Amino acid sequence: PALCKAADDKWSHFRVQYIRLFSRLRSRFPDEFPEELYTESLFRWAILTVAARAFGRRLEWMALVPFADNLNHGNVATKYDFDVGGNGVFRLFPTGTNSYLKGREVFNSYGRRDNAHLLLHYGFAMLDNEHDHVPMFVEMFERAPSVDARLKLLRYVNIRKRELFKLDRKHFEWGVLVFHRVAVLSSRKARELSETIDDSIDRGNNFMRKPLRSEERRVGKECR
């Protein structure tokens, strides 16, 4: 559902861009941009082509580079440049430990992208994508018992009352554990802990990483 919504939002954004741009162009140059020739579908195709194929981050201007834009994506290290030393040449080459054996497929990197981004903007996903992640949204509700104490504890570890965490296979997200630990504390324990801290930021390196006691493991109805 989230990906479908993102695709719908993307299409809606393109439509707004098209209407705004060509309304101005046709008001000033009515004979140069006829609607039957410069259609919305053609405008959308042009934007998608440039967005998916153009090089530009390391160039002075965005450019479409024939052949180079035909390479498939891989989670590999690559770089590109143009006109180094005035040679007038565009170069796309592997870097770091990346290399290619003779006869093997050569890949480009579209960036460190998760599968949702790849599917939305390029139309494919990777079976074993090391950059894939799962978003997790959490919120401390105002009706939670001793909510002021809980919010103080969250601020102490630099976590907001509404937070978006990204869970991936390479890193353990301490923030998720800390947030849920604060959420399931009893009211008494939340108040006691909040009274032991100051207004500095601990980032979860102090008491919030200590093992849970049996009393703290009780989720209880009061925190739901």
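**Architecture, pocket and aromatic pairs of the predicted model**

A52 is placed in helix 2, where helices (H or I, at least four residues) and strands (E, at least two) are DSSP runs numbered from the N terminus. The structure is a predicted model, in which local features need pLDDT of at least 70, side-chain atom pairs count only at pLDDT 80 or more, and totals for chains, interfaces and linings use all residues. Residues are numbered from 1 along each chain as its sequence is written, and side-chain values use heavy atoms, with hydrogens and water left out.

With a relative accessible area of 30%, A52 is partly exposed; buried denotes under 20% relative accessible area, exposed over 50%, and partly exposed the range in between (1.4 Å probe, protein chains only). When residues up to four places away in sequence are not counted, A52 touches H121 and Y122, a contact being defined by heavy atoms within 4.5 Å. A52 and H121 are 69 residues apart along the chain, yet their C-alpha atoms are separated by 6.8 Å. In the protein chain, 57% of the contacts with a separation of 6 or more are between residues 24 or more positions apart.

The protein chain contains six helices and four strands, in the order α-α-β-β-α-β-α-β-α-α from the N terminus on. Of its 224 residues, 29% are buried. The accessible surface comes to about 15900 Å², with 54% belonging to carbon and sulfur atoms; accessible areas come from the Shrake-Rupley method with a 1.4 Å probe, and for residues only the protein chains shown count as cover.

The largest pocket has a volume of about 860 Å³. A pocket is an open set of points on a 1 Å grid over the protein atoms alone, where a 1.4 Å probe fits, with protein on both sides within 12 Å along at least five of seven lines; lining residues have an atom within 4 Å of a point. Grid points are joined across faces, edges and corners, and the volume is the space filled by probe spheres set on the points. The lining of the largest pocket comprises 35 residues, of which S109, Y110, G111, R113 and Y122 lie nearest its centre. Two or more lining residues are given by each of helix 1, helix 2 (40-53), strand 1 (78-82) and helix 3 (115-122). Helix 2 provides the largest share, five residues.

Aromatic pairs are formed by rings of Phe, Tyr and Trp (its six-membered ring) with centres within 6.5 Å; planes under 30 degrees apart count as stacked, over 60 as edge-to-face and the rest as tilted. By this rule, the count is 15 aromatic pairs. The Y18 and F22 pair is tilted, because the ring centres are 4.9 Å apart and the planes lie at 40°. Both residues belong to helix 1 (residues 2-28), four residues apart, about one turn of the helix. Y18 is buried at 7% relative accessibility, and F22 is buried at 8%. Ring pairs join Y18, F22, F33, Y38 and F43 into a cluster.

A charge sits over a ring if NZ of Lys or CZ of Arg is within 6 Å of the ring centre and within 35 degrees of the ring normal. R58 lies over the face of Y80, at 5.3 Å from the ring centre, and R143 over the face of F141, at 4.7 Å.

Positive phi values occur in two loop residues other than glycine, F67 and N158. F67, with phi near 75°, lies in the loop between helix 2 and strand 1 and is exposed at 64% relative accessibility. N158, with phi near 60°, lies in the loop between helix 4 (147-156) and strand 4 (162-167) and is partly exposed at 41%.
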